[in-house]
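Work through the exercises below with the sequence and the model at hand. Each task is followed by a solution in steps.

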Protein chains: 2
Amino acid sequence: MSDKQNKEQLILVAAEQEFLCKGYDGARTTSIAKAAGVTHAMLHYYFRTKEQLFERIVDEKFKIMSKSMLAALGEPSLPIVERIKEGISSHFDFIVQNPDLPRFIINEIISRPERYKILHERVGKIVDTIYKNLQKEIDEAAKRGEMEQINVKMLFISIMSLNIFTFVAYPFMQPLMGELMRNREEFLTNRKAENIETIMRRIKKQ
Amino acid sequence: MSDKQNKEQLILVAAEQEFLCKGYDGARTTSIAKAAGVTHAMLHYYFRTKEQLFERIVDEKFKIMSKSMLAALGEPSLPIVERIKEGISSHFDFIVQNPDLPRFIINEIISRPERYKILHERVGKIVDTIYKNLQKEIDEAAKRGEMEQINVKMLFISIMSLNIFTFVAYPFMQPLMGELMRNREEFLTNRKAENIETIMRRIKKQ
DNA sequence: CTTTGCATTAACAATTTTGTTAAACATTTA
DNA sequence: TAAATGTTTAACAAAATTGTTAATGCAAAG
């Protein structure tokens with residue numbers, strides 16, 4: 001009984017690894033089965049097709065990615081500048097924990113846009129409401145001279161860019177960075193601080 | 001004679017489109033041949049294998065990508081702040097002209113790191129020299145109070161992030177942006193200005 | 001004009017990858 | 001323990017994809 005759970009689970013774990021790393025097209029069901037230590041007939045027994053196995057992975061990943069992006073818009077109860085700072089910080093931490101996720105999601109959406117259209121648009125609508133409130137807060141804070149007037153969507157793009165790109169492009173950037181990325185822990189700390197500093201300067205009244 | 005040139009060229013054009021859009025794994029030689037309007041035997045006749053056809057594309061793309069990143073480090077003859085501004089601007093323009101390129105290169109390097117190791121490290125060394133000079137200039141300008149002291153590699157990562165991410169993640173971001181991205185020309189103009197403003201504020205003495 | 005050499009095609013072959021099946025095996029339940 | 005149910009395996013089948021070949025066409029050079 002726990003053996004069934006076990007094999008199914010083993011396949012899921014191996015599949016997640018393979019799909020996240022190589023994408024749908026690059027992943028091989030035989031390779032997943034091998035990594036999970038089962039025959040590849042077992043994979044088809046539990047999940048029928050590669051497609052269905054993939055869906056199990058991608059749906060979950062899409063959800064946590066969306067959730068983290070909402071979280072990046074910060075805790076509404078905080079004062080606006082604090083809220084933005086905290087949003088960047090928690091989003092950065094999430095990406096550190098899931099460094100392969102953004103690239104996976106982006107590639108997936110690009111290769112099969114139709115599949116995610118509905119789910120994606122739903123997230124879009126949720127985000128839209130949050131934007132509106134946040135924009136209002138920003139406008140008011142700007143009027144009070146507490147921060148710079150700025151378009152919240154533009155700000156959001158900047159935050160996503162700074163927090164995500166490093167990880168999406170890690171193997172590309174790393175050889176161009178010499179010592180800088182050698183010590184991972186240290187780099188992550190510095191990078192997080194840099195992203196926050198960059199955005200804070202962008203929104204601070206000059 | 002020009003017919004040979006023609007078919008070979010047609011295949012290359014179709015292959016570039018297919019590979020950039022779908023990656024090596026997702027691309028199909030039959031689909032490339034079809035798009036080029038030739039039999040797929042012709043593809044093998046001119047390029048022998050999918051692998052070799054791919055190399056023709058990827059080598060060129062890797063080179064222009066590297067070149068554009070070097071250009072992002074700006075024209076050394078300019079005063080430092082101007083130099084950085086101009087670097088961002090020209091890099092952004094390049095990415096606008098080649099929006100699919102970064103994602104293609106990143107995915108390619110991730111799926112076959114060994115292949116690019118040498119080429120990549122060579123670029124790394126060139127960049128390293130430029131960093132050193134640029135860092136010296138920044139340090140001096142900072143001492144004169146013209147700008148903020150900042151690590152040039154960190155600055156470079158920020159510039160790449162802001163300029164590239166929007167395009168890498170376009171289909172992912174677009175549904176989250178409502179009206180903002182609807183008018184492409186307008187969005188690009190605003191985005192470029194935003195990136196420059198963000199970096200300028202980051203390096204300006206407070 | 002005919003030989004030479006490249007270009008082209010259609011049919012075929014090989015390989016890789018995914019998916020199926022029937023039989024053996026194990027486990028639970030009555 | 002016997003029936004029922006679910007699990008596992010090995011061998012096989014199907015499909016998709018890449019790669020080859022032999023025959024044909026065609027244009028230029030001798």
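The exercises cover aromatic pairs, charges over rings, the chain interface, salt bridges and backbone angles.

This is a predicted model, in which local features need pLDDT of at least 70 and side-chain atom pairs count only at pLDDT 80 or more, while totals for chains, interfaces and linings use all residues. Residues are numbered from 1 along each chain as its sequence is written, chains are lettered from A and ligands numbered from 1 in the order in which they are written, and side-chain values use heavy atoms, with hydrogens and water left out.

**Exercise 1. Charges over rings**

Task: Which residue lies over the face of A:Tyr24, and which has its charged end over the ring of B:Tyr24?

Solution. 
Step 1. The rule asks for NZ of Lys or CZ of Arg within 6 Å of the ring centre and within 35 degrees of the ring normal.
Step 2. In chain A, the residue over the face of A:Tyr24 is A:Lys50, at 4.4 Å from the ring centre.
Step 3. In chain B, the ring of B:Tyr24 has the charged end of B:Arg112 over it, 4.1 Å from its centre.

**Exercise 2. The interface**

Task: Describe the contact between chain A and chain B by residues, area and polar pairs.

Solution. 
Step 1. With contact taken as heavy atoms within 4.5 Å, chain A gives 52 residues and chain B gives 52 residues.
Step 2. About 4,900 Å² is buried between the chains, and carbon and sulfur atoms give 69% of this area. The figure is the accessible area (1.4 Å probe) that the two parts lose on being put together, summed over both.
Step 3. There are 22 residue pairs in polar contact between chain A and chain B (both at pLDDT 80 or more). Such a contact is a pair of N or O atoms within 3.5 Å; within protein, one must be able to donate a hydrogen and the other to accept it, and residues adjacent in sequence count only if both atoms are side-chain atoms.
Step 4. On the side of chain A that touches chain B, at least two residues each come from several helices, including α1, α4 and α7 (113-143). The largest share, twelve residues, comes from α8(A).

**Exercise 3. Salt bridges**

Task: Trace the salt bridges of B:Arg201 and locate the partners.

Solution. 
Step 1. A salt bridge is a side-chain nitrogen of Lys or Arg within 4 Å of a carboxyl oxygen of Asp or Glu.
Step 2. B:Arg201 meets A:Glu148 at 3.2 Å, N to O. A:Glu148 is in the loop between α7 and α8 of chain A and B:Arg201 in helix α10 (residues 184-203) of chain B, so the pair joins two chains.
Step 3. B:Arg201 also meets B:Glu197, at 2.7 Å, N to O. Both lie in helix α10 of chain B, four residues apart, about one turn of the helix.
Step 4. B:Arg201 is buried at 6% relative accessible area, whereas B:Glu197, at 30%, is partly exposed.

**Exercise 4. Positive phi**

Task: Where does A:Arg48 lie, and is A:Arg48 buried or exposed?

Solution. 
Step 1. Most residues other than glycine have a negative phi. Phi of A:Arg48 is near 65°, a positive value.
Step 2. A:Arg48 is in the loop between α3 (40-47) and α4 of chain A.
Step 3. With a relative accessible area of 65%, A:Arg48 is exposed.

Notes: Buried < 20%, exposed > 50% of the residue type's maximum accessible area, 1.4 Å probe, protein only.
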